[in-house]
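Here is a guided walk through one protein model. Keep the sequence and the 3D view side by side as you read.

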Amino acid sequence: MAKTLFLVASLLLLGNVSFLHASFPPSLIEDLAKIVMNNYCSPEKLVGMKEDIAAATSNTEVLDISDGELLADVLSNGVQTTLSDPRLTVSYEPNYIPAVHQEMPPLPPEQLVTILQTSIKLDILEGNIGYLRIDHILGEEVAEKVGPLLVDLVWNKILPTSALIFDLRYTGSGDISGIPYIVSYLTEAEPVIHIDSIYDRPSNTTTKLMSMSTLLGERYSVTKPLIVLTSKNTKGISEDVAYCLQSLKRATIVGEKTAGGSVKVDKLKVGDTDFYVKLPTAKSINPITGSTWELTGVTPDVEVSAEDALATAIRIINLQAQVPGIIEESASLIANNYAFESVGADVAEKLRELLANGEFSRVVCKQCLETKLSADLKSLSGDKSLKTTTNTPALPPLEYSPEMYIELIKISFHTDVFENNIGYLRFDMFGDFEEVKPIAQIIVEHIWNKVVNTKAMIIDLRNNLGGSTTAIAGFCSYFFDGDKEILLDKLYDRPSGTTTELRTLDELSGVRYGSKKSLIILTSKATAGAAEEFVYIMKKLGRAMVIGETTAGGSHPPKVFPVGESNIFLSIPTVHSETSAGPAWEGVGVTPHIPAAADAALEVAKGIFNKHTGGQQ
């Protein structure tokens, strides 16, 4: 069904208007419609318009309005509503005199200098930051005439700066042909870039705007930060410039969302009347995004008020100046400390490549940098523990009474004895040996003694997120006999280059469970870190059956390293288990003997034990 023509919408809007004698020619509506059909930049919105014209032109009620301005308003509302485009306006202007384009007359050099100095604002801010404000985008014709002066008076002063702030907050006019010049001075000569496509409706042609391989003067280095300031007053060609630079990832846009204007708007006379229609006759389609800034505006990367945009830009540039040093220091820390040396070297090299390729050039805040660095480290290493972190100082030890320790331990551990004297022990974090040692006897009395005399035991680590590995040897020792020392694992510490052997302990608080009674460990994909080390040891030595899901594939507890003086910190795993027989559990997890969904693992374990221990005395 054809789209309703703006004429119909206009008539509907006239419900409460009193009709007077006919004052305007019957051809007005038809002439207006033809102008829109032949010149409006988006012809796909005009499907069915011819049929609607034929139906509407015979109805002359709309023309029975003696007030031209009122009729113009009605027609404007109608056409805007029908095409969903507020840029189309109809006006009644009996005294309007169309502007005549005049070529720029030859001017003496001193007058050109004065014009340029008043129309372009240039400054060098603290920290060698260039500031350039242009309130009108010059076209090719003017640029060719004043080019040498522009380069000498303006551009050559900008080139030595360390970063550039390009202020378009007040730029509301310009020439399409100036877009390639601006973009080219801020990008590389090769390869030539397809910047924009401009579709011109009257000629039904599309012009590709390409970057220029040859320019007067030098280009601004693409390794230098570029920030474009925008406001709600940034309109038209300046929006196209901002959108192109943003789409090319050459600039960071800071400020307000732009006006959402048009690349080209024409004002055309309607027949022999005093009515004029203003409408967009060309449209921009960005080849990178496949979209446009027209109507919707350019959304800034960092949205702040126009008044705060400059200060925000300076803060961003000061941060970006620190980024290369932060990334280089991060790469060195990883190369020198990451547990797996070859992986650490590879991650460091690739991190430096990302820096060289400009991947960090548009970082706008410290948190953004930390987030991106973490994501890149995870992607490059596959290690979730290699990331940025906070350097939260350890809390001072608290003084607990024996009664408080007992209550704390009861909360931290869960025990039960199931049918057929099957013990159950759950805890969700491994404690540090030095912290656990003073309260070991309390744990034995209130937790361990409840399950030590069972026929078999289920250790539930499905929600155990890790913790310290310093108590692993002691915990493992409870499940082996004390008559001989057993090598549990070898831990290699990268920063010191030393290997530590984990062995069972001779002396323990309480009674051992021993090596004869059956043991099942429950796991899930959340089981991580120190818990994985325990599961790995017990499975490797054949001491326990593992039921559940493959564990998280984390790492030994990482160490925290400061990244220079940046107040950014890296969490780097520095220790790995013995790998002489192949990968241990870091990065890959521990695969269960019997796979089961985490929430079903306990019932599977109980079923196995009930089957094998139900008849035993």
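Predicted model: local features only at pLDDT ≥ 70, side-chain atom pairs only at ≥ 80, totals over all residues.

A residue counts as buried when its relative accessible area is under 20%, as exposed when that area is over 50%, and as partly exposed in between.

Now step back to the whole chain. The protein has 617 residues, and 46% of them are buried. Its secondary structure comprises 17 helices and 25 strands. The protein exposes about 29800 Å². Carbon and sulfur atoms supply 53% of that area.

Next, the cysteines that bond. The structure holds one disulfide. It links Cys365 with Cys368, with 2.3 Å from S to S. Which hand does this disulfide have? The torsion about the S-S bond is about 80°, so the disulfide is right-handed. Cys365 has 27% relative accessibility, so it counts as partly exposed. Cys368, at 31%, is partly exposed as well.

Turn to a sheet. Strands of a sheet pair through backbone hydrogen bonds, either parallel or antiparallel. Here three strands form an open sheet in the order 14-23-22, and the pairing is antiparallel. Strand 14 (387–389) and strand 22 (559–562) stand at the edges. Each has a single partner strand, so one side of each lacks a neighbour in the sheet. From one strand to the next, the twist averages 40°. Strand 22 pairs with strand 23 (residues 569–572) over four bridges, in the antiparallel sense. Look for Phe561, which stands opposite Leu570 in strand 23.

Helices lie across this sheet. Helix 11 (residues 366–381) lies across strand 14 and strand 23. Its angle to strand 14 is about 145°.

Charged side chains come last. Side chains of opposite charge can pair when their charged atoms come close. The count of salt bridges comes to 24.

Start with Arg87 and Asp85. They form a salt bridge, with the closest N and O atoms 2.8 Å apart. Arg87 is buried, with a relative accessible area of 14%. Asp85 is buried as well, at 0%. Asp85, Arg87 and Glu294 are linked in a network of salt bridges.

Move on to Lys267 and Glu93. Their closest N and O atoms are 2.6 Å apart, and the two form a salt bridge. Lys267 lies in strand 11 (residues 264–269). Glu93 lies in the loop between strand 1 (89–92) and helix 5 (109–119). The pair therefore ties together parts that are 174 residues apart in sequence. Lys267 is partly exposed at 31% relative accessibility. Glu93 is partly exposed at 23%.

Finish with Lys350 and Asp346. This salt bridge has its closest N and O atoms 3.2 Å apart. Both residues belong to helix 10 (residues 341–356). They are four residues apart there, so about one helical turn separates them. Lys350, at 33% relative accessibility, counts as partly exposed. Asp346, at 31%, is partly exposed too.

Notes
Residues numbered from 1 in each chain as written. Heavy atoms only, no water. Disulfide = S-S within 2.5 Å. Buried < 20%, exposed > 50% of the residue type's maximum accessible area, 1.4 Å probe, protein only. Pairing = 2+ DSSP bridges. Helix = DSSP H or I, 4+ residues; strand = E, 2+ residues; numbered from the N terminus. Axes fitted to C-alpha atoms, helices over the stretch in contact; angles between N-to-C directions. Contact = heavy atoms within 4.5 Å. Areas by Shrake-Rupley, 256 points an atom, 1.4 Å probe, with all protein chains shown as cover. Salt bridge = Lys/Arg side-chain N within 4 Å of Asp/Glu carboxyl O.
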